[in-house]
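Me: I've got a model open on my screen and would like to talk it through. Can you take my questions one at a time?

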Amino acid sequence: MLKIKRVPTVVSNYQKNEAADDSVGCGRNCLGACCINGARLPLYACKNLEKSREKIVVSHEAEEPPVAFLESLVLGEWEDRFQRGLFRYDVTACETKVIPGKYGFVAQLNEGRHLKKRPTEFRVDKVLQSFDGSKFNFTKVGQEELLFQFEAGEDGQVQFFPCMPLDPENSFSVVAINVSPIEYGHVLLIPRVLDCLPQRIDHKSLLLAVHMAAEAANPYFRLGYNSLGAFATINHLHFQAYYLAMPFPLERAPTKKMVTTVSGVKISELLNYPVRSLLFEGGSSMQDLSDTVSDACVCLQNNNIPFNILIADCGRQIFVMPQCYAEKQALGEVSPEVLETQVNPAVWEISGHMVLKRKDDYEGASEENAWRLLAEASLSEERFKEVNTLIFEAIGCSDQEEDPEGTIVHQQIPNGGVFNQKSNRIHGGPITNGTASECIVLQ
């Protein structure tokens with residue numbers, strides 16, 4: 001068994017107190033049976049991707065008109081929690097800059113993210129692990145950290161209920177703050193929170209995340225996922241999401257088409273990027289796209305291959321990045337220079353957003369250093385081909401290219417006009433052009 005001493009990111013204010021004696025009562029206003037009776041949260045039911053219509057209605061029980069999903073719910077509720085002092089540091093004070101180079105890696109100096117961590121034993125050699133209710137999980141968060149309930153509606157209408165009971169008999173999905181944010185608006189999407197699902201992809205949960213990306217209708221709002229073994233720090237199913245007002249380097253990389261599924265989902269390989277990755281896009285519907293990615297991820301899970309996911313371009317593009325950094329780290333195969341950076345390359349780092357905790361690393365950041373670190377997470381070319389063969393078999397496709405020459409596509413940069421119409425608070429700190437460093441992040 002491979003084990004490695006790790007320092008997990010604290011995502012809830014109650015995480016570090018999980019071993020507290022409950023004999024004196026909870027007192028945390030949590031989601032457990034001790035506190036949930038009578039609890040209420042807003043409920044946002046988004047358009048069903050298969051039955052979408054433009055009409056928006058408000059429940060007769062609503063006390064106010066519908067609100068803009070991202071602007072008013074995510075950012076408004078997030079700001080409320082910020083003003084109430086629920087975050088462990090002020091992410092709006094963190095310096096951020098674009099690292100000079102071809103891809104435009106983004107470096108952030110976040111000296112508060114690594115503080116007050118507790119060491120733990122984290123098993124890195126099993127992607128599928130059973131849920132353990134004795135460890136920290138999202139039923140233990142305080143209800144004040146929850147923003148709203150989120151679900152896909154039954155039809156193509158949007159419905160908003162400002163005050164909806166939390167029904168423990170019908171497990172609900174919630175959006176919560178990440179108390180150690182990387183960006184302004186950094187949240188967690190926790191599907192069916194009371195079902196206590198372990199951190200593993202299933203078709204229904206991934207589709208919920210795609211629904212959220214599509215409903216956001218903003219190319220600079222992305223959702224990310226880390227599997228166990230790929231720097232998920234909590235074994236309770238969740239996705240992360242936040243705004244970043246620029247393209248991720250991953251999104252800039254050229255791609256080469258590999259196969260197209262029967263449902264029209266195109267699968268491409270990223271070219272000239274430090275982590276060998278796949279891009280899924282197209283299909284006859286977004287559900288077809290989501291289901292194809294789910295099939296691929298279930299295959300990776302069943303074959304014990306750690307991976308990360310980035311849901312981009314309003315749900316129209318989904319990147320899957322199999323990786324091996326934690327395994328190499330446990331085996332002593334990561335270079336000492338990279339280990340000294342203390343970065344755990346999870347979905348945001350692999351996508352190109354490098355969160356650094358030491359000022360010297362931030363001031364000396366470079367594209368070369370970022371590339372060198374991320375390359376340690378990448379599968380070898382031979383292993384990547386083996387993994388692709390497994391995936392293509394799982395989704396019923398051949399791994400032979402349709403075009404012997406291959407089709408190289410240079411990624412289109414999302415239209416900044418969409419973002420510019422949003423709140424000017426979307427990014428926490430000023431972004432500047434400048435020099436930048438070895439990435440240093442605990443994800």
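Me: Which residues touch the most other members of the largest nonpolar core?

Reply: First, a word on the source: this is a predicted model, where local features need pLDDT of at least 70, side-chain atom pairs count only at pLDDT 80 or more, and totals for chains, interfaces and linings use all residues. Residues are numbered from 1 along each chain as its sequence is written, and side-chain values use heavy atoms, with hydrogens and water left out. A nonpolar core here is a set of buried Ala, Val, Leu, Ile, Met, Phe, Trp, Tyr and Cys residues joined through side-chain atoms within 4.5 Å, and buried means under 20% relative accessible area (exposed is over 50%, partly exposed in between; 1.4 Å probe, protein chains only). The largest core has 65 residues, and those touching the most other members are Phe150, Leu189, Leu223, Phe280 and Ile311.

Me: Which helix gives the most to this core?

Reply: Helices are DSSP runs of H or I with at least four residues, strands are runs of E with at least two, and both are numbered from the N terminus. With seven residues in the core, the top contributor is helix α2 (residues 203–216).

Me: What does Gln149 touch, and is Gln149 buried or exposed?

Reply: Gln149 sits in strand β6 (residues 146–152). Contact means heavy atoms within 4.5 Å, and beyond the neighbours within four places in sequence, Gln149 contacts Leu41, Pro42, Leu43, Tyr44, Met164, Pro165, Leu166, Phe172, Ser173 and Val174. Its relative accessibility is 6%, so Gln149 counts as buried.

Me: Where do the buried residues of α10 fall, seen down its axis?

Reply: Helix α10 covers residues 381–394, and its buried residues are Phe384, Val387, Asn388, Ile391 and Phe392. An α-helix has 3.6 residues a turn, so residues three or four places apart point the same way. Taking directions from the helix axis to the C-beta atoms, the buried residues of α10 line one face, because they fall within an arc of 135°.

Me: Which residues are exposed on the face of α10 turned away from the buried side?

Reply: The buried residues of α10 pack against β12 (255–260), β13 (265–270), β14 (278–282), α4 (286–302) and β16 (317–322). Turn to the face away from that buried side, and the exposed residues there are Glu382, Lys385 and Glu393.

Me: How many residues apart in sequence are the parts that Lys47 and Glu215 tie together?

Reply: Lys47 and Glu215 form a salt bridge, with their closest N and O atoms 3.4 Å apart; the rule asks for a side-chain nitrogen of Lys or Arg within 4 Å of a carboxyl oxygen of Asp or Glu. Glu215 is buried, at 12% relative accessible area. Lys47 is in the loop between β2 (40–46) and α1 (69–83) while Glu215 is in helix α2, so the parts tied together are separated in sequence by 168 residues.

Me: How many disulfides does the structure hold?

Reply: Cys30 is buried at 4% relative accessible area, and Cys314 is buried at 7%. A disulfide would be a pair of cysteine sulfur atoms within 2.5 Å. By that cut-off, the number of disulfides in the structure is zero.

Note on methods
Expected span 1.5 Å × (residues − 1).
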